[in-house]
Amino acid sequence: MKSAVGATIIRNGQLIDGAGAAPLPHAALVIVDGRIVYAGAEAAAPETPREAKILDARGGTIMPGLVEAHFHPTYFNVAALEDLDIKYPVEYVTLLAAANARLALECGYTAARSGGSLFNIDVWLKKAIENDLTPGPRLAASGREICGVGGLMDWNPDFRRIGMEGLVLLINGPDEARAAVRKLVKDGVEWVKTYPTGDAAAPDVNDHHTLCMTFEEMHAVVATAHNHGLKVTGHCRATEGIKNALRAGYDALEHGTFMDDEALEMLLARDVPVVPALYFELASIQHGPEFGMPQRVIDGHQETLDGGAESARRILQAGGRLGMGGDYGFAWNPHGDYAKELSFFVNYVGFSPLDVIRCATKTGAEIMGRGHEFGTLEAGKLADVLVVEGDVASDISRLENRQNFLAVMQGGVIKAGRAAHPSPE
Ligand SMILES: [Zn+2]
């Protein structure tokens, strides 16, 4: 991805650094050749060349670009779980994924970690974004996910004889787990996404208290992935699945819903980050009925919401790390709604806006293994920056509306926001 050439000064705004510090009023950000060289009080900003571009934040907020830590580029706002697989051919889903990536960037998400994709689309989408062929967040790719046979993601009955090749690799036992990871190594993924547990979405045989992989399978995944330098994460709701993941050496947990004291202790001991993706549960409860979601599924989502909110609060209070990502791409939580996760964590879970922003920027970048490159506004980092009209620290919902973005920058290049498409005033 090409960075900007030359100098840009963003001035006349309050600066939120993404590391959790109080907003700094009357601040400026100085960018040279795509990197931040100064972030601080405007009065103390260094001299900049006369030809520097000036971006007036109009008294609004200057903050790091957001990181969507659980992004499914190939989920196209489906109402039925089954449609995530091979409803459409891979050619069409690739185009849908590119459109979702563009939308995420326009929504202020300058980076994203894939939580799994149809076939290997996210690996190649990442390449296209890196080569500036198509706009999108800086991506970490996961490719196909791994799940045990008969588990949450194995929904095609055997008489159809079509397996589940598009979305997941199904495994029986540690040998097949190793074979699946080796396939992903060849595909070029960075994260291996697994399904240690079920979900409220499948109440019959794979609900949120069911295990979908054995510890031995999970351990084989981790050993093989780590040997090749890949990281491992997993869909973990059931308490025992969370503990299996932590014992097996997982690098992150998705959801981490039903944490007991022992699970929390194990999590904190290794400082494993968790991406709760919780607004999904509220959206399912509120909007599921419009899409024919059965009451027992909604009841399961309510239990998941309550358990997940409690676990997230405990993790934050204990000093653990949380990323913000939302599993967007279902009819009730479509792509584009990403920042609803942030408002939800303030209004429903009780986090402060600055805590949520830190989770959505600094921690997100750390989860991607790129905390040294972006995620905070400080000298030396890539200028992945949002300029937002208004005070985001007192009203985080301003991030939900793209009309509030003056600029969405990657490497100092304005990719979206009103400054990217100046309109006559
Ligand atoms: Zn997901």
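Q: Which residue stands opposite Glu68 in strand 7?
A: The residue opposite Glu68 is Ala112 in strand 7. This is a predicted model, in which local features need pLDDT of at least 70 and side-chain atom pairs count only at pLDDT 80 or more, while totals for chains, interfaces and linings use all residues. Residues are numbered from 1 along each chain as its sequence is written.

Q: What makes strand 6 (66–71) and strand 8 (138–140) edge strands?
A: The three strands form an open sheet in the order 6-7-8, with parallel pairing. Strand 6 and strand 8 each have a single partner strand, so one side of each is left without a neighbour in the sheet. From one strand to the next, the twist averages 15°.

Q: How is helix 10 (residues 353–367) placed relative to strand 6 and strand 7?
A: Helix 10 lies across both strands and runs at about 55° to strand 6; for such angles, axes are lines fitted to C-alpha atoms, for helices over the stretch in contact, and the value runs from 0 to 180 degrees between N-to-C directions.

Q: What is the angle at which helix 9 and helix 10 pack, and how are they in contact?
A: The two helices pack at an angle of about 145°, with their axes 9 Å apart, and their crossing is right-handed, a term that applies if the near helix is turned clockwise from the far one by less than a right angle, left-handed being the anticlockwise case. Leu342, Phe345 and Val346 in helix 9 meet Pro353, Val356 and Ala360 in helix 10, where contact requires C-beta atoms, placed from the backbone, within 7 Å. By class, this contact has six nonpolar, no polar and no charged residues; Ala, Val, Leu, Ile, Met, Phe, Trp, Tyr, Cys and Pro count as nonpolar, Asp, Glu, Lys and Arg as charged, and the others, Gly among them, as polar.

Q: How do the residues of the contact of helix 3 with helix 4 divide by class?
A: Helix 3 (residues 173–187) and helix 4 (residues 215–227) pack at about 35°, with axes 8 Å apart, and helix 3 passes helix 4 in a right-handed crossing. Gly173, Pro174, Ala177, Arg178, Val181 and Arg182 in helix 3 meet Glu216, Glu217, Ala220, Val221, Thr224 and Ala225 in helix 4. These residues divide into six nonpolar, two polar and four charged.

Q: Why is Tyr328 called buried?
A: A residue is buried if 20 or more other C-beta atoms lie within 10 Å of its own, exposed if 12 or fewer, and partly exposed in between, with C-beta atoms placed from the backbone. Tyr328 has 29 such atoms within 10 Å and is therefore buried. Its place is in the loop between helix 8 and helix 9, and, not counting residues up to four places away in sequence, Tyr328 touches Asn333, Pro334, His335, Asp337 and Tyr338. Tyr328 and Phe76 are 252 residues apart in sequence, yet 8.8 Å apart in space, C-alpha to C-alpha.

Q: Why does His26 count as partly exposed?
A: His26 has 14 C-beta neighbours inside 10 Å, and so counts as partly exposed. His26 is found in strand 2 (residues 24–32), and its phi is near 50°, a positive value in a residue other than glycine.

Q: What covers the description of strand 9 (residues 145–148) as having both faces covered?
A: Glu145 and Cys147 on one side and Ile146 and Gly148 on the other are all buried. Strand 9 is also joined by four bridges to strand 10 (residues 168–171), and the two run parallel, with Gly148 opposite Ile171 in strand 10.

Technical notes:
Contact = placed C-beta atoms within 7 Å. Pairing = 2+ DSSP bridges.
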